[in-house]
Amino acid sequence: MKMLPINAIVVGSNKQVQLAPMGLHVMITNLALGVPAEGSTLPLTLTFGGSETTSLDVKVTSRP
Ligand SMILES: [Cu+2]
């Protein structure tokens, strides 16, 4: 399986998109401080429609 980057995920009005391993997912690259320790949390900000944002902390795991 080859992963290809995309700039955005389009979600239609009243529609849902599921992010999951082997499917659409968020891949964090270019970590300035290196790979965080497993079990730690990483702040993540999602941008919707180019302006609205939601921030959350995601748990770092080696496997889904
Ligand atoms: Cu990936």
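Two strands are said to pair if DSSP finds at least two bridges between them. The legends below apply this term to a predicted model.

**Figure 1. Overall view of the predicted protein.** The secondary structure of the protein consists of two strands and zero helices. Its radius of gyration is 13 Å, whereas a compact globule of 64 residues would have a value near 11 Å. Taken along the principal axes, the C-alpha atoms fill a box of roughly 35 × 30 × 20 Å. Buried residues account for 0% of the 64 residues.

**Figure 2. The antiparallel pair formed by β1 and β2.** Strand β1 covers residues 41–48, and strand β2 covers residues 52–59. The two strands pair in the antiparallel sense over eight bridges. Within this pairing, P43 stands opposite D57 in β2. Of the eight residues of β1, the number buried is zero, so this strand lies largely in the open. In a regular strand, side chains alternate between the two faces of the sheet.

**Figure 3. G49 in the loop between β1 and β2.** The hairpin of β1 and β2 has three residues between the strands. In this hairpin, G49 takes a positive phi near 60°. G49 is exposed, because 8 other C-beta atoms lie within 10 Å and a residue counts as exposed if the number is 12 or fewer. G49 and P5 are 44 residues apart in sequence, and their C-alpha atoms are 19 Å apart in space.

**Figure 4. M22 in the segment before β1.** M22 is not a glycine, yet this residue has a positive phi of about 70°.

**Figure 5. N30 in the segment before β1.** Although N30 is not a glycine, its phi is positive, at about 55°. N30 is exposed, because 4 other C-beta atoms lie within 10 Å.

Methods. Residues are numbered from 1 along each chain as its sequence is written. This is a predicted model: local features need pLDDT of at least 70, side-chain atom pairs count only at pLDDT 80 or more; totals for chains, interfaces and linings use all residues. Helices (H or I, at least four residues) and strands (E, at least two) are DSSP runs, numbered from the N terminus. The radius of gyration is taken over C-alpha atoms; the globule rule is 2.2 Å times the number of residues to the power 0.38. A residue is buried if 20 or more other C-beta atoms lie within 10 Å of its own, exposed if 12 or fewer, and partly exposed in between; C-beta atoms are placed from the backbone.
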